[in-house]
Amino acid sequence: MDSEGENSVYLNSPVSAADNFSDGDIRRTTTSSAVQQTLFLIHSDDPTLKVQAAKEIRRLTKTSQRYRRHFSNAVKPLVDMLRSESFESNEAALLALLNLAVKDEGNKINIIDAGALEPIVGFLQSENAILQDHATAALLTLSASPATKPIISASGVFSLLVEIIRHGSSQAKADAVMALSNLSTYQDNLLSILRAQPIPSTVSLLKSCKKSSKTTERCTALIESLMCYEEGRSSLISEDGGVLAVVEVLESGSAQSREHAVGALLTICQSDRAKYREPILREGVIPGLLELTVQGTAKSRTKAQTLLRLLRDTPYPRSELEPDTLENIVSSLISQIDCEEQSGKAKEMLAEMVQVSMEQSLRHLQQRALVCTPADLSVPSCVSKITSK
């Protein structure tokens, strides 16, 4: 029977009790019934029924914050399933807990409090790649909560995450570096993370992923955090292609990734300019920095300009005849670049930078002209000799 016929039958049928309820009431009753039935199954002693219930919880909580709240009472039996010898029970419970934890701080804390961390950490060491992948994803989600970071950190998980970045599947590598990045925002963790030697594997992952990806953003965020310590700086500098990988993100990453990249390089240079200036300059950082001074975020622009000042021969103005303008700083740097290709690219970028700066100044003048008298206006000086240098 077609849908129109079904509607006709429904409209001509006798009045039922359901007619006294609104659509919203019926939906709430149906939802409550489904939740209660699934909770009954997840608390049963039958392993098959528990797996069935876990899969239903996963399905219902995939996109629904409401269902995540409804099923908060399922956390304890799901955590108990993680200790089962059955792969099917482990997988179903992991995936259900993962969905319950997404964007729900209360469930994240409840999952940790229920004892899920120990079996999840165990799965990180599993020879079963599927369980390892699911456990890494679960740890990523749980590590997003400020309340859980100290507890996760105390579990000794850093070396396991670094090992996954080194040898895990593509998705597990991305999830592991994101989890480490989450945990690195807890200041007490940085030295412990560094002891796990994450720089080589993080640089390797950074080289292999798309520069515009979220994984690149988290890799550079983690690297920037670790540059606060000499162990991190030395590790990046000594890693083959380490600085170059960061420079490449600075040139073609997302806005946030570029901000982390320039922040990392600036922190390195500020820590010991004499030691680190040359290794940074050697990787052709100038064109990317020039572009950031015009097109980067507010933080990126400030950091790029500061780094450009540090990278020239002397970080201080040379004389009143050569004022400390960005153009003079960069012109000085260009004269020090040995590679003709890099020098040409830097000159080209500087010319574009000045052109954009002039266009911005002109637009600003035009806007002022709408509200100011001619006497109020002043014409800015332009740098016209840059392209001929």
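Hi everyone. Let me start with a definition: an axis here is a line fitted to C-alpha atoms, for helices over the stretch in contact, and angles run from 0 to 180 degrees between N-to-C directions. Helices are DSSP runs of H or I with at least four residues, numbered from the N terminus. What you see is a predicted model, where local features need pLDDT of at least 70, side-chain atom pairs count only at pLDDT 80 or more, and totals for chains, interfaces and linings use all residues. Residues are numbered from 1 along each chain as its sequence is written, and side-chain values use heavy atoms, leaving out hydrogens and water.

So, helix α16 (residues 230-238) packs with helix α19 (residues 273-281) at an angle of about 30°, the axes being 12 Å apart. Contact (heavy atoms within 4.5 Å) is made by E230, R233, S234 and I237 on the α16 side, and by K275, Y276 and P279 on the α19 side.

Now to helix α18, residues 255-271.

Is α18 mostly covered or mostly open? Mostly covered: 12 of its 17 residues are buried, meaning under 20% relative accessible area with a 1.4 Å probe, protein chains only. Among them are R258, E259 and H260. The buried residues of α18 pack against α15 (214-226), α16, α17 (242-252), α19, α20 (286-295) and α21 (298-311).

Finally, α17: its buried residues include G242, V243 and L250, and the buried set packs against α14 (199-208), α15, α16, α18, α19 and α20.

Terms used: Helices (H or I, at least four residues) and strands (E, at least two) are DSSP runs, numbered from the N terminus. The expected span of a helix is 1.5 Å times one less than its number of residues. Buried means under 20% relative accessible area, exposed over 50%, partly exposed in between (1.4 Å probe, protein chains only).
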